Amino acid sequence: EIGALGRALNVMTARLREKIGDLQQEQAKATAILDGMVEGVIAVDGHETVLLMNERARAIFGLGQARGEGKPFLEVIRNADLHELFRECRTARAEPGGDAPPGGDAQVIRRELRLTHPGERVLQINAVPLRLGPDEVGVVMVLHDVTALRRLELVRTEFVANVSHELRTPLTAIQGYLETLLGGALEEREHARRFLE
């Protein structure tokens, strides 16, 4: 009986090792995929502890190689606007016809935040509640750096304003000359030629 029990335990141990190996492999794949993303991803649990933070999110907040997992969200990222978004998202519920995913009860909250530390950045953030248990709601945030896009929009706006100003100045002068010609200066030969030139 002891031999049979020993064999059963050995089989169970082998299966457990196999399952643990599979889980570690899946976790390594998920980490590799998240770290390869262009967007930053942060997952926080209901106790405001960081569950997951990918490489891009660490770069956005200037954390270097320091992993934020298992640490308080407020300690890892010190940004009041982001924490306000986190708290708002945890209490959000889907509204009829809202942005909730099919079959889900979570409403996606989209915000644009301006960061000043570690550098001047504009982030577009999509946050959705993450149900971790019957009484625990965390948040998953996807951060997209749109700093270059906003800078290009500003350059384009300034360019359009400058071009319209540069066009308006000579057009005003031409319009003045034409009004003078139409006002009767066209009949005066010596002045008409000068206005036309």
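The lining of the largest pocket comprises six nonpolar residues, four polar and one charged, where Ala, Val, Leu, Ile, Met, Phe, Trp, Tyr, Cys and Pro count as nonpolar, Asp, Glu, Lys and Arg as charged, and the others, Gly among them, as polar. The model is a predicted one, in which local features need pLDDT of at least 70 and side-chain atom pairs count only at pLDDT 80 or more, while totals for chains, interfaces and linings use all residues. Residues are numbered from 1 along each chain as its sequence is written, and side-chain values use heavy atoms, with hydrogens and water left out.

Among the residues lining this largest pocket are F61, V76, R78, H117 and P118, and the space in the pocket is about 160 Å³. A pocket here is an open set of points on a 1 Å grid over the protein atoms alone where a 1.4 Å probe fits, with protein on both sides within 12 Å along at least five of seven lines, and lining residues have an atom within 4 Å of a point. The volume is the space filled by probe spheres set on the points, which are joined across faces, edges and corners.

The protein chain has six helices and five strands, these being DSSP runs numbered from the N terminus (helices H or I, at least four residues; strands E, at least two). The five strands form an open antiparallel sheet in the order 2-1-5-4-3, where two strands pair if DSSP finds at least two bridges between them. Its edges are strand 2 (50-53) and strand 3 (109-115), each of which pairs on one side only.

| Strand pair | Bridges | A bridged residue pair |
|---|---|---|
| Strand 3 and strand 4 (residues 121-131) | Seven bridges | R114 and V122 |
| Strand 1 (residues 40-44) and strand 2 | Three bridges | V44 and V50 |

In the hairpin of strand 1 and strand 2, five residues lie between the strands, and E48 takes a positive phi near 60°.

D135 lies in the loop between strand 4 and strand 5 (137-145). D135 is exposed, because its relative accessible area is 79%, the cut-offs being under 20% for buried, over 50% for exposed and partly exposed in between (1.4 Å probe, protein chains only). From D135 to A185 the C-alpha separation is 86 Å, across 50 residues in sequence.

Of the 197 residues of the protein chain, 24% count as buried. Along the principal axes, the C-alpha atoms fill a box of roughly 125 × 35 × 30 Å.
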